[in-house]
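Good morning, colleagues. I shall present one protein model today, and I ask that you keep the sequence and the structure in view as I speak.

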Amino acid sequence: MNLYVRYNIDKTCRVILQEQLDRLNFKYSITDSGCVKFKGDIPFSQYCSLRSQLDKYGIEIVDNKKALLVQKVKMLIASMLNNCNIPLVKISAFLSHELQESYRNISLIFKEVCYISIESFIIIHKIEKVKQLLVVENLSLTEISFKLNYSSVAHLSHQFKKITGLTPTTFQKLAHRKRRFKTLAAVN
């Protein structure tokens, strides 16, 4: 038997973070941008313990300013794509406004830390979202194109093929065939 699950990585990380903070009896609040605001100072030993516990789950405490900015950019992009809430303004203007920083500076720091441009990062993550919408949600390319704010289905298809090497339709057929094969194998 196969069990297919869908999960929200942001929500999962938030729950783990809350559990670890509660375990250490911290008084805190968590903002949407992933910032934990403590009601007072925390002892260094407890900070180290928290860091160690979170590290077990692959959750990293970001200490330096550049890494923090990059983390905020990634969270804004992930939130935007997960909610299919892509702003109608340019992404550069959106990020500048949200982070209160010049896009030039954001872009330079992002590339320095991640070795990839923000635009390429967004395209790669949009294509991952397209894959999910094609296979799990079973949406049409027109619906996906609209939902992710592509200028056209042709533009979406071109980007998809450039990143994956497959057309969206071919990818969808292969994914459905693979799922059907796994289901048949599990039955037998």
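Q100 is exposed, because its relative accessible area is 63%. Q100 sits in the loop between α4 (91-99) and α5 (103-114). Although Q100 is not a glycine, its phi is positive, at about 55 degrees.

Before I continue, a word on the source. This is a predicted model, in which local features need pLDDT of at least 70 and side-chain atom pairs count only at pLDDT 80 or more, while totals for chains, interfaces and linings use all residues. Residues are numbered from 1 along each chain as its sequence is written, and side-chain values use heavy atoms, with hydrogens and water left out.

A positive phi also occurs at N25, a residue other than glycine, with a value near 60 degrees. N25 belongs to the loop between α1 and β1, and N25 is exposed, because its relative accessible area is 63%.

Let me turn to the overall architecture. The protein has nine helices and two strands; helices (H or I, at least four residues) and strands (E, at least two) are DSSP runs, numbered from the N terminus. Along the sequence the pattern reads α-β-β-α-α-α-α-α-α-α-α. Along the principal axes, the C-alpha atoms fill a box of roughly 55 × 50 × 25 Å. Of the 188 residues, 29% are buried. The protein exposes about 12700 Å², of which carbon and sulfur atoms supply 55%; these accessible areas come from the Shrake-Rupley method with a 1.4 Å probe, and for residues, only the protein chains shown count as cover. Among contacts (heavy atoms within 4.5 Å) with a separation of 6 or more, 49% join residues 24 or more positions apart.

How many aromatic pairs does a search of the whole structure find? There are four, where rings of Phe, Tyr and Trp (its six-membered ring) pair if their centres lie within 6.5 Å, and planes under 30 degrees apart count as stacked, over 60 as edge-to-face and the rest as tilted. One of them joins F26 and F38, whose ring centres are 5.2 Å apart and whose planes stand at 75 degrees, so this pair is edge-to-face. F26 lies in the loop between α1 and β1 (28-30) and F38 in strand β2 (residues 36-38), so the pair ties together parts 12 residues apart in sequence. F26 counts as buried because its relative accessibility is 9%, whereas F38, at 28%, is partly exposed.

Another pair is formed by F160 and F171, with ring centres 5.5 Å apart and planes at 65 degrees, so it is edge-to-face. F160 lies in helix α8 (residues 153-164) and F171 in helix α9 (residues 168-187), so parts 11 residues apart in sequence are tied together. Both F160 and F171 are buried.

Finally, I draw attention to Q20. Leaving aside neighbours within four places in sequence, Q20 is in contact with L50, Q53, L54 and Y57.

Conventions:
Buried means under 20% relative accessible area, exposed over 50%, partly exposed in between (1.4 Å probe, protein chains only).
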